[in-house]
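Take a walk through this model, chain by chain and then feature by feature. Keep the sequence and the 3D view open as you read.

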Amino acid sequence: MNEQTESLSEKLLQRAAPGRVDFEDMVVVPVFAVIVALILGAVAMLATNVDLATIGRSYVALVVGSVGSVNAISETLTAATPLVLASLGMAVGFRAGLFNIGAEGQLLIGGMAAVIVGFSFAGMPTYVHLPLALIAGAVAGGLYAGIAGWLRAATGAHEVISTIMLNLMSYRLVDYILRLPVVQREGRADPISRSVLDSAELPRLLEWIDPNLRLHSGLFVMLVAVFLVYWLLFKTTFGFEFRASGANPEAARYAGMRSGLIIVIVMVFAGAMAGLAGANQTLGVLGRATPGFSAGIGFDAIAVALLGRSHPVGVLMAGLLFGALEAGGRQMQVDAGVSIDLIAIIQALIIVFIAAPLLVRKIFPWGFQKETRAGKE
Amino acid sequence: MAKTMNPIDAQARKLDTAKVRQARNTGVILICLSVLVAYVFAFGTSGGDAVFRLSRPNDPWAAPNLVVPAMAFSYIAAAVLAFLGARQFMRGGVKWTGLSMGFGLLLAVAAFLVWATAGKSFSLTGMLQATVVRAVPIALGGLAGVLSERVAVVNIAIEGMLLAGAFTGALVGSLLGGFGGLAAAVAVGGLFGFILAALVVTYRVDQIIAGVVINLFVLGVTSYVSSQVYQEFRFLNNAPVFRPVRIPFLSDLPVIGPVFFQQNIFVYGAFIMVCVATYYLFYTRSGLRARAVGEHPQAADTLGINVYRTRYINVTVAGMVAGFGGAWFTLGSVGRFDEGMTNGLGYIGLAAMIVGRWHPFGALMAALVFGFADSMQQKLALLQTPIPSEFLAMAPYIATIILVAGLVGRARPPAADGQAYIKE
């Protein structure tokens, strides 16, 4: 009973004065989550026999490696770009009540398709070839995710299971494709694709400062996608239908929305975003495809979407944070000799605390407005 | 006529048409299989006999080899499939739909095996033995899923619990020996079950998010420790392996002996746990209460059942089962831990639970099907069929998708599955 009135008053308050509660939700909780995760990360290092000086050094390296120089910022943005792209798709899925774990597989298939288009069609001008390769990635990823969406809509097979299976299949599929004579690099026995032609590469942005800076124009693709998803979710009928069928599927059906169709469209869109992220990696960073070039981005994207509260702007911020952790983690491994896997622990802890605001409120009672007072206002 | 029909009749008719449609679909699938078997396997075979070895030379009661003429078998299989398919379109075909489908698929798989083996020989008993071994972690994962979903807690974290069990088994097993490692693995699995329960019951985190987070966390911690510590201290990752235990007399039976009675304690443990869980869930008072919590927590609460405590206990026990299953990866097979060695089997266990319709025995059966697909692809890779090995390796995953998509219409999860319960 008490709970209900509380949540009701919270909702009313949110409508009347969104500032304070949103601020707590969007800023205070994430900040505390990051702090606690870093502290627990240090505890994990202590437990594995790393001395205090090294812990200090590794956190300094984490900061320096993520924002400490032009190169660090370039690396952070390069790492953040595919994360944001893939988790934008995931965020749309969450909004529509679909849990798409398959970004990893969609990313692989999309990246693969982009590479194949990227090394074929020699002699095409960049302004045709590059968009074509990007679109190929998006389409391939979208179709691959569409399988799971169609299965869900037609047979009711839960998308969590089918996307996981599609992930596991995609590894084998990419292995197979990479050994096909038309794809495999000439004179190589290991699974590695031909190189993407110059005309399909995402141009690098900071070559005029230092040719080693890897930041590429996929950044703009990502920013456009953030805007596009925002517009789609909050300014179009489609977006409204997505959100409605996620918030209350029954009500959405009664209102005449075709739930099956929406499921398929949302999955295809999410897959297209993940495919674009894959294309972004192969066309912008790697220039070719090898087994496992996805490097777990698809799974990190789940975390980023959760952290960003499935809001395009939140996803952008969360993606930047995770990109920074990724780039800083590499520096940490080099400088302090602490394994980059520590970053995975810190990321998981951040998500736990973000997903459980009740837990954070319990640990840090002073960071939040008292709920009773909020009710009176 | 439509006017005079009362609503119940109308509903029955609707069900009937659905059944007829299903029967037709089954018929079409069976006839397609028949054509496939006839064209690909019968025409494509090199001829010769397929030899399946049933016993090893020094077994006490050696069974003779099973010799199957490949060409003839394919034609017979195709004919039987065509007959089964055609029957679906006739009168009364509706009655036999499920059975025909099951038998048809079995026959198609058998024809495939005969085709792949034609002119060669391989050990059928060995493949079945591997089937049971490979089914163990999937069955235990599925059982963990059943136990927690029956109290309406979706358990995506099985994968993480398996991995935690594998890791702990290797670490503690290296220090204290096999049984110490096993006990620790069970305890750590239980700990993660408890954490999951705390997150979803007390802190009302979305159940799928909580599961994913546990998976990420366990993957992070185990990978971190194995790259940070095991590189340096290799003796910490060198655990003894449980050897197979022969059950006297029974293990000497041909085929059945090696498959079921010459296995290690994980196989026996899995079978025993499935029986115990079935008894607990369906024949005891507390099992009934647990299921009530999964179906209608409010009603259960009204009757004085402590919903929160029931969920805590069941999910913790589920974690312990998964921890035991996880120890199989290290203490039951190789003795050392590798990063991410569970390789998605926890998720396949989840699929086994769904295919097995949230019943422990169902989950075990489904796990055996997956184990069969897995061990078959491994054997076929040795036989050098024209099918690329990557596609054979996909077999278990494709089987999962087909089973989940094909059976989910008839499977029903516990009514309150996935919902947090807030006590009023």
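Predicted model: local features only at pLDDT ≥ 70, side-chain atom pairs only at ≥ 80, totals over all residues.

Start with chain A. Its secondary structure consists of 16 helices and zero strands. Of its 377 residues, 54% are buried. Look next at how the chain contacts itself. Among contacts between residues at least 6 apart in sequence, 73% join residues at least 24 apart.

Now turn to chain B. Here there are 16 helices and five strands. Chain B has 424 residues, and 53% of them are buried. For contacts in chain B with a separation of 6 or more, 77% come from residues 24 or more positions apart. Chain B exposes about 19,200 Å², with 66% of that area from carbon and sulfur atoms.

Go back to chain A and find helix H12, residues 297–307. How many of its residues are buried? The count is 10 of the 11, so the helix is largely enclosed by the rest of the structure. The buried residues of H12(A) include A:Ile297, A:Gly298 and A:Asp300. The list also takes in A:Ala301, A:Ile302, A:Ala303, A:Val304, A:Ala305, A:Leu306 and A:Leu307. What do these buried residues pack against? Within chain A, their partners are helix H4 (70–95), helix H5 (103–119), helix H11 (259–286), helix H13 (312–336) and helix H14 (341–355). Chain B contributes helix H7 (207–230) to this packing. After H12(A) comes A:Arg309, which has a positive phi, near 55°.

Next, the cavities. A search of the whole structure finds two cavities of 30 Å³ or more. The largest cavity holds about 40 Å³ of space. Its lining consists of B:Val153, B:Val200, B:Val201, B:Gln207, B:Tyr308, B:Arg311, B:Ala420 and B:Tyr421. Two elements of chain B give two or more residues to this lining: helix H6 (178–202) and helix H12 (307–334). By class, the lining residues of the largest cavity are six nonpolar, one polar and one charged.

The second largest cavity also has about 40 Å³ of space. Lining this second cavity are B:Val132, B:Ala135, B:Val136, B:Ala139, B:Val267, B:Ala270, B:Phe271, B:Leu364 and B:Leu368. Helix H4 (124–149), helix H9 (265–283) and helix H14 (360–383) of chain B each give two or more residues to the lining. Which helix gives the largest share? That is H4(B), with four residues. The lining of the second largest cavity has nine nonpolar residues, no polar ones and no charged ones.

Then come the aromatic rings. Over all chains, the count is 15 aromatic pairs. Take A:Tyr230 and A:Phe234. Their ring centres are 5.2 Å apart and their planes are at 50°, so the pair is tilted. Both residues lie in helix H8 (residues 218–235) of chain A, four residues apart, about one turn of the helix. Why does that spacing matter? An α-helix has 3.6 residues a turn, so residues three or four places apart point the same way. A:Tyr230 is partly exposed, at 32% relative accessibility. A:Phe234 is partly exposed too, with a relative accessible area of 26%.

Compare a pair in chain B. The rings of B:Phe266 and B:Phe324 have centres 5.2 Å apart and planes at 45°, so this pair is tilted. B:Phe266 belongs to helix H9 of chain B and B:Phe324 to helix H12 of chain B, so the pair ties together parts that are 58 residues apart in sequence. Are these residues buried or exposed? Both B:Phe266 and B:Phe324 are buried. Ring pairs also link them with B:Phe179 and B:Phe242 into a cluster.

Finish with the backbone. A:Phe121 is not a glycine, yet its phi is positive, about 55°. A:Phe121 sits in the loop between H5 and helix H6 (126–155) of chain A. At 44% relative accessibility, A:Phe121 is partly exposed. In chain B, B:Trp358 likewise has a positive phi of about 55° although it is not a glycine. The loop that holds B:Trp358 runs between helix H13 (345–355) and H14 of chain B. B:Trp358 is buried, at 6% relative accessibility.

Definitions and conventions: Residues numbered from 1 in each chain as written. Chains lettered and ligands numbered in written order. Heavy atoms only, no water. Buried < 20%, exposed > 50% of the residue type's maximum accessible area, 1.4 Å probe, protein only. Contact = heavy atoms within 4.5 Å. 1 Å grid on protein atoms, 1.4 Å probe; cavity = no way out; pocket = protein on both sides within 12 Å on 5 of 7 lines; lining within 4 Å. Points joined across faces, edges and corners; volume = space filled by probe spheres on them. Nonpolar A, V, L, I, M, F, W, Y, C, P; charged D, E, K, R; others polar. Phe/Tyr/Trp six-rings, centres within 6.5 Å; stacked < 30°, edge-to-face > 60°. Areas by Shrake-Rupley, 256 points an atom, 1.4 Å probe, with all protein chains shown as cover.
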